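Student: Hi! Could we walk through the strands of this one together?
Tutor: Happy to, let's have a look.
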Amino acid sequence: MDSDQPTLPLAGDVRIPLLGFGTWQATGEAGCQAVLAALDAGYRHIDTATMYGNEKEVGRAVKESGLRREDVFITTKLPPDRVGRERETIEASLAALDTDYVDLWLVHWPPSAPGDSIPVWREMLAARDENMARTVGVSNYSIGQIDELIQATEETPAVNQIRWSPSLYDRHTHAAHRDRGVALEGYSPFKASDLSDPVLVRIAQAHDVSPAQVVLRWHIDHEIVVIPKSVTPERIRANVDVFGFSLTAEEMRDIDALAG
């Protein structure tokens, strides 16, 4: 893994880059080109899912980038309707991605049937133990749902990927993840943000960057993994250009307060 980007340690001696590239809605040739542009711009963490229908394009972009497989962190996710077909699903993901393993495999949403959560989690752990995934986690889970998995299996999800942004900031949720050793990973960082907010604009001007770059840096300085998505090459490059500045403690507090 490239050492010039900040990473977070996960269970199983795995490190996840704090900045990732989201690929939801990036399909077909345009999706492949977007991932290629991201890897070219410096991203080393690509986030996909069975549900996105673009694993093949992601795999092709990683191959065409010329980067070594071990230098790219790849996440994919199990759809909730695949309960009972976990192994078949990860095998299909690996075939589409044209790789022997993914770095992180997540349960995309908690299964709807109450009794399904633990068996699904046990299957995720089995895939990890068979080296199909270096580590495993969940997405869109509450703290209570995470505790249920930990109590039943004594295995903590490495990651919980949830919707996150300054306006959704909740220090209790953040602390609850940290206390359990679960990395918090935020998606849709801009969707729930008002990029014209005077606080973000002021801080952006102070660092000569954009409000969007401030939002990404805020995640990184909180050690929260963030996965912006874009198919525009210019924006892809801007979103990765967030390592030349950091926010002061006061600026972090001002942004935290946007959740009001």
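Student: Which strands pair in the parallel sense over three bridges?
Tutor: Those are S4 (residues 45-47) and S5. Strands pair here if DSSP finds at least two bridges between them. Helices (H or I, at least four residues) and strands (E, at least two) are DSSP runs, numbered from the N terminus. This is a predicted model, where local features need pLDDT of at least 70, side-chain atom pairs count only at pLDDT 80 or more, and totals for chains, interfaces and linings use all residues. Residues are numbered from 1 along each chain as its sequence is written, and side-chain values use heavy atoms, with hydrogens and water left out.
Student: What stands opposite Thr 75 in S5?
Tutor: Asp 47 does. From S4 the chain crosses through helix H2 (residues 55-65) to S5, a right-handed β-α-β crossover. Right-handed means that, with the strands pointing away from the viewer, the path from the first strand over the helix to the second runs clockwise.
Student: And how many bridges link S5 and S6?
Tutor: Four, again in the parallel sense, with S6 spanning residues 102-107. Lys 77 stands opposite Leu 106 there. The link from S5 to S6 runs through helix H3 (residues 86-97), and this crossover is right-handed too.
Student: Is S5 covered on one face or both?
Tutor: Both: Phe 73, Thr 75 and Lys 77 are buried on one side, and Ile 74, Thr 76 and Leu 78 on the other. Buried means under 20% relative accessible area (1.4 Å probe, protein chains only).
Student: New topic: what do S1 and S2 form?
Tutor: A hairpin with three residues between them, where Gly 12 in the turn has a positive phi of about 85°. The two strands pair in the antiparallel sense over four bridges.

Definitions and conventions: Buried means under 20% relative accessible area, exposed over 50%, partly exposed in between (1.4 Å probe, protein chains only).
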